Every structure is written in structure tokens, then in C-alpha cells.
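Here is a short report on one protein. Keep the sequence and the 3D view open as you read.

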Amino acid sequence: MTDRLTQTLDAIRDPASGKGLISAGRIEGANEKDGVATIVLKVPAGDDNTPALKMQIDAALTALDGIDRVRLITTMERAGKPEKARPEPKPQAPRPAKRIIAVAAGKGGVGKSTVTANLAAAFAKRGLKVGVLDADVYGPSIPRLLGLRDVPGLQKTDDGIQPAEAHGIKVVSMGFLTKPGAAVVWRGPMVQGAITQFLNETAWDEPDVLLIDMPPGTGDAQLAIAQTAAVDGAVIACTPQDLALDDARKAMAMFEQTHTPILGLIENMSVFLCPHCGEPSEIFGHGGARSEAETMGVPFLGEIPLHIDLRKRSDEGRPAALEEGPVSKAFARLAESILVACDEVRKPLPEIVFS
Ligand SMILES: Nc1ncnc2c1ncn2[C@@H]1O[C@H](COP(=O)(O)OP(=O)(O)OP(=O)(O)O)[C@@H](O)[C@H]1O
Ligand SMILES: [Mg+2]
């Protein structure tokens, strides 16, 4: 919190205690960036003074040089709870997994599904409980990538939708609901409904990480993700080529519009590693995603080489990340940086009302 925010906010009186807002403990956070001041205001249960207070805060802060807009977030105290000087973080709403990460790209064919399957394997390899939700209604490829092509369908019991399991990874896929090769016509709301149901009604058994393989292009799946506020964020896969980077920018913009945090960028098919001599060649260029991430101000999460093993093992239904070698190492590093990125975007979740 900058000094001028502290001073300005403390000069506004808390109607309940008569003290300044800061001294009264009403401000849980405040910062300013690019002309926008973001203030987190604690509102006691049943408080009638909030609208007037909001107007006061807005007027006082927009009067400061360089602040054009005030974004006020109010956190509600539950009625009947004794007020504490420093409230403990409230228990989070039940979530189907400890971390939920969407793997997306603006463009088809950049390797979202390959990255999802191998990341899942890398997380499983480090001993984490992992789930994969294949949300690609238009071309579900997770069943093939994880060797689950013969799953006969999905069962629902009293515990919920029963996921299939491969290599210790729990999996639900749109592909389990449709016959291979069948053209499926999904309307937007159906896509959203299916993703939300898979997310919330599957018997995931509280995985440490749940990865969602997103379909290319469409905004319906992104909307569904945004609506289930439980998702920690999205990782965006792209190749080093300019065109794919352009699409990555569009994908990021779409997530930003729906307020889904961007955990970072992944460069797939980064350098070609010769399977015989291990010599790297930069077939599609190299490093484009890293510099793009810097420009966009999002973390660069890592690069995955273009390697024949990745394609071969994918076709065999056994992710290359389960074996030893350069591919597996790259995914282990990527998994690590994604866990770090998740921790960074995580904040205690009080009951928040955006206004
Ligand atoms: N790093 C890599 N090295 C070698 N082959 C790769 C790599 N990444 C992806 N591939 C191959 O590229 C093809 C496309 O990958 P994938 O299906 O994962 O892309 P996608 O982004 O999920 O595509 P879609 O948009 O159709 O869902 C596959 O044949 C896959 O085996
Ligand atoms: Mg795919």
C-alpha cells in the first residue's frame, strides 16, 4: 500500500468506530497501478453505510494525481461472527481439486493435449494425485494420449461420475461420451454445462492437481471455466512461430476478459532434439514465447522440445514424461514452475463481492 493511499484512506472516517478507515481495520488491501486504485474494504454484517463510504473513497482517491478509476472490492463479514482485529482467512468453498489448471491455446494443433497428458504424467511422477478433464468436445484426444480408447462410457454412482484411470491419473473426457469419429454438434450452453458437470460432479477424490485440456478457438469452454470460479488459472501453450504467438495473445485476451488468471506461457516444439545424436535445431525459431511473456507481463513457464518420442509415445497411449530423458526432464521443470505460478496467483479467499 503506498503512503498516499494509506494517508487518504485513513483520512476517511469509519462511521461505526469514528476512527480512520485504516486504523479501524476496514481496509484489507490497497494498491495502485496504471491509473487504477484497487481497494479491498471489509464490510461488517448488516452495515448500511457502505454505499456512502464507497462514494467517499471514490471521490478521495480520484482526486489524487494519476488515479483515474477506483476498483472497490468488498469482503463481507458473516452475520453473528464476532469481529476480530485481524480476521483469519475463511475456509474456502469446496473445490474438486487442490489446484485446477486449464491448458489452452488460441490455435489448434500447438500441442495442448500432448502438454496436458505429459504434464499430468509429470505431476503423477512426482507423487501428486492428478486428474485430467478433457474439455475438447470437438476433438477429444486425451483418451488416445493416455491409452484409454476402450473406455466403454461413463458411469454415475451415488459418489458421482466415475472417472477412468490410466498411469495413476483420473480422467474424464468428452470422448467417453461419444463414439469415435462421430460428429458431435454441441451448442455453447451444452459445452458449458458438460464442463461444469464434469468438474463438479466427478468423483475426483481430491487430486492435488486437476488439468483441463481446453478445446481450441471457442469461447464457450473459456466461459464455463470462468464461471466455475474454482479454476486457479490458465496456462497458454504456443509454438515459437509468430502466427501461434498471435493466437496466444488472443487466447490470453479472452481469459483476461473473463477474469481467469493467466498462469503463464509455455513454448512447445521449442527446439528439435535429434533422437540419434541429441543435437538441438531451432526449426520453428526459439524463444518467441519467452520474450512475448515478458512483453505481456506474464510468467514464462518453460519450453518443451520437439521430439519424436513425444509423438510416438502419444500414439502408444503412454506419455513420454513417464520415461527418463530430455522430454521427461522438460516436463518435470514445467510442472515445477506451474506449481510455483499457482502459489503466486493464490490468495486467501474471503467472501468477495465485486462492485
Ligand atoms: N513437442 C512435441 N514434439 C513432437 N510432437 C509433438 C509435440 N507437441 C505436439 N506434438 C504432436 O503434434 C500433434 C498435435 O498435438 P496435440 O494434439 O497435442 O495438439 P492440440 O493443440 O491439442 O490440438 P487440437 O487443437 O486439435 O486439440 C500431435 O500429433 C502430437 O503428437
Ligand atoms: Mg487437443
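## Overview

How many helices and strands does the protein have? The count is 10 helices and 16 strands. Bear in mind that this is a predicted model.

The protein has 355 residues, and 39% of them count as buried.

Eight strands form an open sheet. Their order is E8-E9-E5-E10-E4-E11-E12-E15, and the pairing is mixed. Two strands lie at the edges: E8 (164–166) and E15 (300–303). Each of these edge strands pairs on one side only. From one strand to the next, the twist averages 25°.

Strand E8 pairs with strand E9 (residues 169–173). In which sense do E8 and E9 pair, parallel or antiparallel? They pair in the antiparallel sense, over three bridges. Within this part of the model, alanine 166 stands opposite isoleucine 169 in E9.

## A helix on the sheet

Helix H7 (residues 242–257) packs on the sheet. Which strands does H7 touch? It touches E4 (99–104), E11 (233–238) and E12 (262–267). The direction of H7 makes about 170° with that of E11.

## Two nonpolar cores

The largest nonpolar core holds 76 residues. Two of them, Ile212 and Ile236, touch the most other members. Which helix gives this core its largest share? Helix H3 (residues 112–125) does, with eight residues.

Follow the contacts of isoleucine 212. Leave out residues up to four places away in sequence. Isoleucine 212 then touches Ile100, Ile101, Ala102 and Val103, and also Leu133, Ala135 and Ile225.

A second core is separate and has 11 residues. Among them are Leu5, Ala30, Leu41 and Leu53.

## Around ligand 1

How many residues surround ligand 1? There are 20. The closest are Gly108, Gly111, Lys112, Ser113 and Thr114.

H3 and H9 (308–316) each supply at least two of its residues.

What classes of residue make up the shell? It has seven nonpolar, 10 polar and three charged residues.

How values were computed
Residues numbered from 1 in each chain as written. Chains lettered and ligands numbered in written order. Predicted model: local features only at pLDDT ≥ 70, side-chain atom pairs only at ≥ 80, totals over all residues. Core = buried A, V, L, I, M, F, W, Y, C linked by C-beta atoms within 7 Å. Buried ≥ 20, exposed ≤ 12 C-beta atoms within 10 Å, placed from the backbone. Helix = DSSP H or I, 4+ residues; strand = E, 2+ residues; numbered from the N terminus. Contact = placed C-beta atoms within 7 Å. Near = placed C-beta within 6 Å. Nonpolar A, V, L, I, M, F, W, Y, C, P; charged D, E, K, R; others polar. Pairing = 2+ DSSP bridges. Axes fitted to C-alpha atoms, helices over the stretch in contact; angles between N-to-C directions.
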